Every structure is written in C-alpha cells, then in structure tokens.
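Hi,

Here is the structure I promised to pass on. My notes on its interfaces follow below.

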Amino acid sequence: MMQFIHKYGSPRYYYQWSKGWQKWLSIITVVLLVIGLYQGFFVAPPDYQQGESYRIIFIHVPAAWMSMFVYMVMAFAGIMALVWRIKVAEIVVGECAILGASFTAMALITGMLWGKPMWGTYWVWDARLTSELVLLFLYFGVIALHGAFDDPRTGAKAASILAIVGVINIPIIKYSVEWWNTLHQPATVAKFDKPSMHISMLIPLLIMAVAFKTYFLSLLFMRSRSEVLAREKNASWVKEILKEQS
Amino acid sequence: MKEFFAMGGYAFFVWTSYAIVAFLMIANVVAARMKRKRIFREMQELAEES
Amino acid sequence: MLAIRRRRELANPLVFFVIVVSLFPLGVSPDKELLSQMAPGVIWVTALLATLMSMDVMFRSDYDDGSLEQLLLLPGPKVLLIGAKITAHWASIGLPLVVLAPIMSLLLYFPTHAIGSLVVTLLISTPILSLLGSVGVALTLSLRSGGILSSLLILPFYIPVLIFSTMAINASANSLPVSGYYALLGAFLIISALLIPFAVVAALRVSYN
C-alpha cells in the first residue's frame, strides 16, 4: 500500500501517468456536458410548480456537491502530505482550494439567482445557502494561508493542517447552521415543497454531476502537472521534458 | 425557438446562471493553461541563464 | 508570569470589548426593546473579536525570543505545554470577558434574569475560542502580517460556538430550557481541548519548518 502511494505520488511518475488521465477526462467532460445540457433543456419537462426556472438545478446542485467533495479531496490530500510527505499531495491541496472556491462561488451565485424567482429575494438565510457561504470563507482561508508563505512547501503544509481542522469542523458548522435555521425560520419566506424528482429530470442532473466531477479532475491534473514541473525544476527529468518542448 | 429562450418568463435567472457558471468554468481552464505557459516560460528563461 | 508582565497589552482587547459594545446603541438606536434583543449577539460577536485581537500575544514574544523553539525541543509531551499556554491565555482574556460581559449587558438593557446564562455560555465557550484561535496563531506565527490572516482563518470556525451560545442566551431570556445547549457547548469544549493541542503542535512544527 505504502509502496503504491509512494510510486504514484513520486513527481516524475505522477507527471507520466496523469497525462493520459487528463486527456481522457477532458474529452469525457465535454461529451457529458453536451449530453447533460441537451437532456436538461430539451428532454426534461418543465416542473409543474417552478416552471422553467428549475433548470438552474442542473448546474446549481452539481456545483454544490462539488464544493463539498473538493474540500474532502483537499483534506485527504492534506493528510497524505503531512503524514507521508507526498510532494504531489502538497500540490493537490493548493490547487483544490482554488477549484473548490470557484465551485462554491458557482453554487452560491446560481442559488441566489434561483432564489429570486422562488423566494422573491436574492438572499435568504436558508441553512444550505448559509453553510455554502461559510464554506466559501473556509476556502478563502486556505487560499490565503497557502499563498502567504515564501516557501511553497511550508504554505502547503500549513494549508493542509487548516484543511484537516476544517474538515472536522464542517459537519459541526452544518449542523449548527441547520439548527439555527429551524429556530429562526423567516416567516415571510414561502417554503416550496422539495420537488420529487421525475426520472427525466434526475438523469440530466446525474449526468451533469458526473461531468462536473470529471471537469474538476481534469483541471486538477492539468494544474498540478504544471506545478509539479515548477517545483521540480532542478530535476534532470524536468530538464529533459523542457528540451523536448523547445 | 423564441419560447425556448424565454424560459417561461425566467429567462434572466436561468441564462444568467448558466452564463456565470460557463464563464467560471472556462476561466478556470484558461487560468490553468496560462499557468502552464507561464511555468514553461519561466523554466526556459532559467535554462537559458545557466 | 509572562502574562502578568504583559498586563497592559492584555488589557487592550478588554477595553476594545467595552468600547465596541457601547458603540452599538450609538450606531443603531438607544431603543430599549431593540437593544435588549440584540444584546446576546452584540456581546458575543464583540467577545469573538476581542479574543481574536488578543490571540497574537499567546506565542508572539516566545516565538520572537526563541524560547518557544526551545520548549518544543524539550523532551516530554509538548501537548501539555501547549495546553498550559492556552489555559494561561484564557485566564488572561476569557475570564475577564466573563466578568465584563454582565456589566456591559446592563448597558444594552439585557433582562437581568438571563444574565446567568450569559455568564455560563461565556464560561464554557471562551476556552473554545482560545483553543481554536491558537491553531490560527500557530499557523501564521512565522509570517510578518499574521494577525489579520489568523483572524480570517479562525472566524468561520467560531460560528458554531456563536450560534449555540446566543441561542442558549435567547432561550434563557424567553424562560425556555437551556441545559441542552450547555451540554452541547460542554461537548465542544471537551472535544476541542482533547484534539486542538495536537493540531497546534503540528502547526508550530510547520512554522518552524
């Protein structure tokens, strides 16, 4: 197991094996996005309560799922970076923070735009929106701490610790926000029933969710591959790659 | 066609959402490519100096 | 001992607390009803900020003169040592806040029968604030402008404490049962006291690299 981790996490080998993954994941992402959007706009019927506005769900929910998923990936990479000192894992922590923050921003913005027709206001202190906002703050913290150090490795380790502390805290924060929300239920907000998803709506949603996941992975590979080169710029294998490129 | 873009009166919300998400997703890709180019350029300069 | 030497520095966050709380009636309105409703939130948010302001004192001078590094090199459990540091910090900031808060709550027309819950929540929760804050300080210790960054990192983690404390106080003001909140806050305190010193030691190691 350890051998496996060290082999796939060695910068040189990582650079080799991630190339193919990155390429195929990008292709799959484009294909899935096309299918998912087609299904979402042309196959799925309008919702009987929300009309056409519900179609925001096909990007809002996948982005919200990704915002959580990326944080977990980041914390897991943080553990690998701190416990086993895997260099590639250190890089993954920094790249995850940026990508995760952008997914969280997507979820928040689409949530607000969906909220206006549904709730009548752009912002409601609803449990899910609030925890998404807090999650964005957590990402900002990791990004700021990661960038604050002159030495990128120290920055990555500090960010890893923060990400791990954060991942323990996220369930507590989520739970507390939900509880707070049930007590302070704003009276003016018209609650709409959780729509029981019809299968023709569920399929595009799931396709889009997978597309967001492959999109994230391909970008993560892309960003971390260049970062690997930058960190290993004095290694001979990097110099060889450079010669081939020029 | 017109009906499709009208989104049952929710055009502004639906299309703004999709536009912003598309913008962010493309921006992420562009940023990743620029990062790659920048790193290659920096390393090339480093190699020329030495 | 160190804490006593830096008495003036430690008094500043407390003065900050008193001033900021008294700004709210000036900024919002001196309306009795409104202020008494806002009181738990105002006192709690200000207490959070005052604690954050004081966090830098915890390790700063020991870091600057190198004694912290030596302490980390000593044999034996570092976790206990860090725990002692955090306890000392709490005694010099959290405890005075517990004493000041009831007085300040009178300025906000907070109902006197609920002041007990204000004191209890502060008593249980201010140690959590010191504990969580110490992680932020330890991570940013080697940075020149670490203070503001550390606040930025830690504030989101304060949210559950803020929520449960103010909910307990509000419940008590409305004569509702509060023991559930106390139990939850107590559980937070125990868990963070057990786990956080380890995170602080790891963070200090990174700071020393």
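**Two interfaces with chain A**

Between chain B and chain A there are 2 salt bridges, counted when a side-chain nitrogen of Lys or Arg is within 4 Å of a carboxyl oxygen of Asp or Glu. One of them joins K35(B) to E95(A), with the closest N and O atoms 2.9 Å apart. Helix α2 (residues 11-49) of chain B gives the most to the side that touches chain A, 25 residues; helices here are DSSP runs of H or I, at least four residues long.

A word on conventions: this is a predicted model, where local features need pLDDT of at least 70 and side-chain atom pairs pLDDT 80 or more, while totals for chains, interfaces and linings use all residues. Residues are numbered from 1 along each chain, chains are lettered from A in the order written, and side-chain values use heavy atoms, without hydrogens and water.

Back to chain B: 29 of its residues are in contact with 37 residues of chain A (heavy atoms within 4.5 Å). The two bury about 3,100 Å², 78% of it on carbon and sulfur atoms; this is accessible area (1.4 Å probe) lost on being put together, summed over both.

The rule finds 0 salt bridges between chain C and chain A.

Enjoy looking around!

Key. Helix = DSSP H or I, 4+ residues; strand = E, 2+ residues; numbered from the N terminus.
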